[in-house]
Amino acid sequence: MSKDNKPGTPKDTHYAKLRRAHRDQKAGGAPAFRPRQPLPPGESPGDGLVRLYGLHTVRAALDNSRRKIRKMLVTRNAAERLAIADLTALPFKAELVEPKEIDRITGSDAVHQGVLIEAEPLKPKRLDALGDTQLVLVLDQVTDPHNVGAILRSAVAFGAGALITTARHSPQESGVLAKSASGALEHIDQIEVKNLADALGQLHEAGFQTIGLDSDGPAELEKTFAGDKIALVLGAEGKGLRQKTRETVTALARLDMPGAIRSLNVSNAAAVSLYAARAFLKRG
């Protein structure tokens, strides 16, 4: 046998391609590409439960003593990454599954990383349970769960003591919100209030300076800080703060942005504002 005819040589690969092309031509051409049809999310779990997924989200939920988990679906690889050696030792039902079984529940667009849990939602706290904290974040009808999840992550990263939202016009706990929060959902108190203006008044009584973020605010944020307790108030994308909220906060302030773009996504604005507030409080 000559060297040119050894399996795996460039000539062999070339002849293999020619043979495939010949077979395809006889069969009427190469088979058409058929993209996989995306799977929509399945039905909600019922019984007031929520579905949470993703490695960081589920790990944080497992470590949270307040989280009541009812069921887990996990792939072998995800179980190893979560350091779960024995599923039967868990205090809830757990099943070893293939990724496609989780796809059928979350939908194929969800990045579940091979693990999903069904759990009771965390119960929001009341404002009078705020506790001793110097920094809180207040959302005025921010409804996008992706944004709220990202804001939760920044709030935990910068040591905010609580996230305050309205009972209406705020996203409910969900897999999308929890995945965007990347585990932060389990690490911060969430407080729900019925009337935001009344809640801001209670924060004032508790010694908080409430600062509403507004792209047209009269002063730069860093020059507005005062005192040793700060509540940053952010409004929804596009609409911004409601008029009643604008009238109730201690001050309106803007982020100094010298570039061509004069506003940020609300989750990015939250991160920048939290960083600035934390830097000010550390100097105090």
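The lining of the largest pocket divides into 9 nonpolar, 6 polar and 7 charged residues. Here Ala, Val, Leu, Ile, Met, Phe, Trp, Tyr, Cys and Pro count as nonpolar, Asp, Glu, Lys and Arg as charged, and the others, Gly among them, as polar. The model is predicted: local features need pLDDT of at least 70, side-chain atom pairs count only at pLDDT 80 or more, and totals for chains, interfaces and linings use all residues. Residues are numbered from 1 along each chain as its sequence is written, and side-chain values use heavy atoms, with hydrogens and water left out.

**The pocket**

The volume of the largest pocket is about 480 Å³. Of its 22 lining residues, Leu213, Asp214, Ser215, Ser263 and Leu264 are the closest to the centre. Strand β10 and helix α9 each supply at least two lining residues. A pocket is an open set of points on a 1 Å grid over the protein atoms alone, where a 1.4 Å probe fits, with protein on both sides within 12 Å along at least five of seven lines; lining residues have an atom within 4 Å of a point. The volume is the space filled by probe spheres set on the points, which are joined across faces, edges and corners.

**The sheet**

An open sheet of 7 strands runs in the order β7-β6-β5-β10-β8-β11-β9, with parallel pairing. Its edge strands, β7 (189–193) and β9 (219–220), each pair on one side only. Strands (E, at least two residues) and helices (H or I, at least four) are DSSP runs, numbered from the N terminus. Two strands pair if DSSP finds at least two bridges between them.

| Parallel pair | Bridges |
|---|---|
| β5 and β10 | 6 bridges |
| β5 and β6 | 3 bridges |
| β9 and β11 | 2 bridges |

Valine 136 stands opposite alanine 231 in β10 and opposite alanine 162 in β6. Alanine 219 stands opposite alanine 253 in β11.

How many residues of β5 are buried? The count is 6 of the 6, so β5 is largely enclosed by the rest of the structure. Buried means under 20% relative accessible area (1.4 Å probe, protein chains only). Leu135, Leu137 and Leu139 lie on one side, and Val136, Val138 and Asp140 on the other.

Helix α9 (residues 266–283) lies across β5, β8 and β10. It runs at about 165° to β10. Axes are lines fitted to C-alpha atoms, for helices over the stretch in contact (heavy atoms within 4.5 Å). Angles run from 0 to 180 degrees between N-to-C directions.

Terms used: Buried < 20%, exposed > 50% of the residue type's maximum accessible area, 1.4 Å probe, protein only.
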